[in-house]
Amino acid sequence: MEQLWQEFFSDPSQWWDNRFTKKSPKYPDFKHKSTLEGLWVDGWLNPSWVKEKMASMALGHIQSGDGSRSRVSDSFCDSDKVGKLCQEGRLKEALHMVELMVRQTTKAPISAYVCLLKGCSRKKALAEGKQVHALIFRSGLNSNIFLANTLVHMYAKCGSVLEAHKVFSNMPQHNVYSWTAIISAYADSGQGEEAINLFQQMQETGLAPDKVLFVVVLKACARLAALEQGKQLHLDIIKRGFQSDVIIGSTLVDMYSKCGCTEDARELFNSMSERNAVSWNAMIAGYAQNGLGKEALALYEQMKQEGMQPDNVTFVLLLKACASLAALEQGKQLHSDIIKRGFQSDVIVGSTLVDMYAKCGCTEDAREVFNNMSERDVVSWTAMIAGYAQNGLGKEALALYEQMKQEGVQPDTVTFVLLLKACASLAVLEQGKRLHSDITKRGFQSDVIVGNTLVDMYAKCGCTEYAHELLNNMSERNVFSWTAMIAGYAQNGLGKDALALFEQMQREGTKPNEITYLCVLSACAHSRLVDEGRYAFDAMCKDHGVTPTREHYACMVDLLGRAGCLADAELFINQMPIQPDSVVWMTLLAAARNHGHVEIGRRAFDRVVKLEPKNAAPYVLLSNIYAVAGRKDELAR
């Protein structure tokens with residue numbers, strides 16, 4: 001017992017504090033996180049020195065009872081009340097109670113501070129967390145390593161990594177839990193590189209990482225796709241004998257998969273001595289995320305053969321793989337398995353089923369699943385709206401939105417983006433305006449993606465002036481904002497306006513991308529601005545390092561063809577650094593038809609037929625050319 005108490009006081013962070021949650025005196029007050037050994041504050045076997053040590057650490061004072069047992073003092077009872085208030089989310093009341101303790105005794109039990117800090121973490125209550133920090137400082141407990149670790153965790157959970165690092169830097173000493181807290185803070189906030197750097201600093205101090213810390217850093221490597229650092233961690237894990245741990249093994253599989261090394265991930269997966277649902281899900285996710293949907297589905301069959309029960313995450317991953325493959329039959333089989341295993345009522349599984357059927361073109365099946373869902377959230381409604389929109393059923397998408405509003409479900413930014421795209425494809429300006437009004441009411445007008453889609457919708461509905469006004473009023477603009485407006489001008493035949501906006505975009509420091517250049521070339525083509533189009537095409541590589549794709553070459557051929565420069569267009573195709581496809585030659589053939597150029601049309605026809613012998617379109621175009629030219633013999637052939 002004496003040895004256990006010595007272990008406890010050397011590092012309380014390795015023990016769970018159960019005093020506020022235990023339902024019976026037979027449950028221990030403290031329980032070791034690894035060995036599961038128990039300690040009782042009022043245990044009659046406690047060594048005599050424990051009483052003084054508990055008091056000095058403010059973990060609850062011990063009063064002598066009848067000689068055989070002891071009971072917790074009033075301060076512990078107050079601490080118990082603090083814990084209950086925190087569990088109920090009544091942070092301000094709990095904080096007030098601790099403030100009273102500090103006024104009366106200059107310090108409160110450490111357990112009371114811990115409860116408050118954990119409560120602040122759960123509620124992300126940064127202001128209250130800072131007040132607790134001030135009380136800890138006033139009580140002279142700021143050097144307590146256990147409290148400092150909990151403070152770091154609290155600041156991290158409240159989104160203040162800078163404050164977390166300040167606490168960490170001011171600690172007189174660090175243990176592995178201190179490092180884990182600060183490394184997790186950076187990893188969870190998306191600052192993976194800093195997390196990895198801190199891990200390396202910790203190793204330089206001579207501290208050995210534990211399993212939890214390895215998992216945290218592996219996840220940071222996975223988010224960054226930092227393969228080399230991940231491999232080094234793998235070696236360290238083997239050296240420390242953690243490779244057989246199922247959680248570490250699963251996280252390694254995930255790391256290799258997210259770094260694109262699915263073969264390494266599978267080799268590791270196959271070598272695991274123990275695998276659970278998380279392990280299988282990690283490997284299935286690895287295949288699905290790397291475009292290997294067939295392999296993901298095959299692994300599911302193996303999973304069933306080995307008697308491993310899939311969970312809702314498994315089904316979500318597999319349904320997404322079916323959606324990406326448009327594998328309807330496998331999707332239907334999964335649907336059957338979902339029903340057999342009782343997951344059909346899971347809202348996430350249901351939403352993913354809707355998405356799968358919609359992406360396979362089965363909007364009626366998707367709607368049936370949607371209608372039968374016992375619970376539907378904004379993701380479910382958005383999945384069904386997306387299904388309609390992606391299958392060219394914009395009217396149905398807009399009608400479903402009206403039903404969504406009637407049922408009191410609040411749309412999010414994704415919902416509005418999909419609906420605006422439906423309005424753009426239908427060119428239904430009035431419904432687009434009503435959506436704009438709803439967006440403003442819900443405060444989404446400042447979202448850059450929503451703003452871009454609004455610009456696109458108004459432009460496609462012919463309201464280019466209002467679209468431009470929206471662009472000018474956006475608080476944040478990116479390359480897609482400018483490109484949407486340039487595309488709008490191009491579609492409305494306003495090539496010079498598109499070029500003027502393109503120049504303004506560059507003056508304001510936004511670098512165009514390949515889609516921007518496609519829109520610029522399209523605008524030049526529709527307005528027959530040959531010189532401007534040539535200049536833009538040349539500048540694409542020289543000034544901005546954008547490598548032309550087949551779409552860019554086809555756009556240039558279209559530009560030259562529309563302007564009647566057919567010889568230049570044919571020469572341009574023959575000088576292309578990449579092999580021209582049938583689209584490029586068809587573009588030239590269509591231009592030859594429009595301008596009645598028989599010879600160039602015939603040569604373009606021959607190229608298209610070689611690439612696509614079963615395509616009837618080139619025969620129709622060539623026959624039109626011969627008919628206009630009065631070449632009856634060729635037309636008959």
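Here are some friendly notes on a predicted model, point by point.

1. **Ground rules.** Because this is a prediction, local features need pLDDT of at least 70 and side-chain atom pairs count only at pLDDT 80 or more, while totals for chains, interfaces and linings use all residues. Residues are numbered from 1 along each chain as its sequence is written, and side-chain values use heavy atoms, with hydrogens and water left out.

2. **Aromatic pairs.** A pair of aromatic rings is described by the distance of the centres and the angle of the planes. Here, rings of Phe, Tyr and Trp (for Trp, the six-membered ring) pair if their centres lie within 6.5 Å; planes under 30 degrees apart are stacked, over 60 edge-to-face, and the rest tilted. That rule gives 22 aromatic pairs. One of them joins Trp-5 and Phe-8 edge-to-face, with 5.5 Å from centre to centre and 85° between the planes. Trp-5 and Phe-8 are three residues apart in helix α1 (residues 2-10), so about one helical turn separates them. Helices, for reference, are DSSP runs of H or I with at least four residues, numbered from the N terminus. Both Trp-5 and Phe-8 are buried, where buried means under 20% relative accessible area, exposed means over 50%, and partly exposed is in between (1.4 Å probe, protein chains only). Ring pairs also link Trp-5, Phe-8, Phe-9, Trp-15, Phe-30 and Trp-49 into a cluster.

3. **Charges over rings.** Two cases may interest you, using this test: NZ of Lys or CZ of Arg within 6 Å of the ring centre and within 35 degrees of the ring normal. The charged end of Arg-376 sits over the ring of Phe-370, 4.3 Å from its centre. Lys-33 has its charged end over the ring of Tyr-177, 6.0 Å from the ring centre.

4. **Backbone angles to look at.** Most residues other than glycine have a negative phi. Ala-225, however, has a positive phi of about 55°; this residue lies in the loop between α11 (211-224) and α12 (227-239) and is partly exposed, at 43% relative accessibility. Ala-326 also has a positive phi, near 55°. Its place is the loop between α17 (312-325) and α18 (328-340), and a relative accessible area of 46% makes Ala-326 partly exposed.

5. **Helix α9.** This helix (residues 176-188) has 13 residues and reaches 18 Å from its first C-alpha to its last, close to the 18 Å expected at 1.5 Å a residue; the expected span is 1.5 Å times one less than the number of residues. Eleven of the 13 residues are buried, so α9 is largely enclosed by the rest of the structure. The buried residues include Trp-179, Ile-182, Ile-183 and Tyr-186. Among the elements covering them are α7 (145-157), α8 (161-170), α10 (192-204) and α11. After α9 comes Gly-190, with a positive phi near 85°.

6. **Nonpolar cores.** A nonpolar core is a set of buried Ala, Val, Leu, Ile, Met, Phe, Trp, Tyr and Cys residues joined through side-chain atoms within 4.5 Å. The largest has 198 residues, of which Val-82, Val-98, Tyr-113, Leu-116, Ile-182, Ile-183 and Leu-588 touch the most other members. Helix α11 gives the most to this core, with nine residues. Apart from it lies another core, of ten residues, among them Leu-4, Phe-8, Trp-15 and Phe-30.

7. **Cys-221.** This residue is in helix α11 and is buried, with a relative accessible area of 0%. Leaving out residues up to four places away in sequence, the contacts of Cys-221 (heavy atoms within 4.5 Å) include Ile-196, Leu-233, Met-255 and Cys-259.

8. Asp-254 is in helix α13 (residues 246-258) and counts as buried, at 17% relative accessible area. Beyond four places in sequence, Asp-254 touches Ala-222 and Ala-282. Asn-281, in helix α15 (residues 277-289), is buried at 7% relative accessibility. Its side chain makes a polar contact with the side chain of Asp-311 (3.1 Å); such a contact is a pair of N or O atoms within 3.5 Å, one able to donate a hydrogen and the other to accept it, with residues adjacent in sequence counting only if both atoms are side-chain atoms.

Technical notes: Helices (H or I, at least four residues) and strands (E, at least two) are DSSP runs, numbered from the N terminus.
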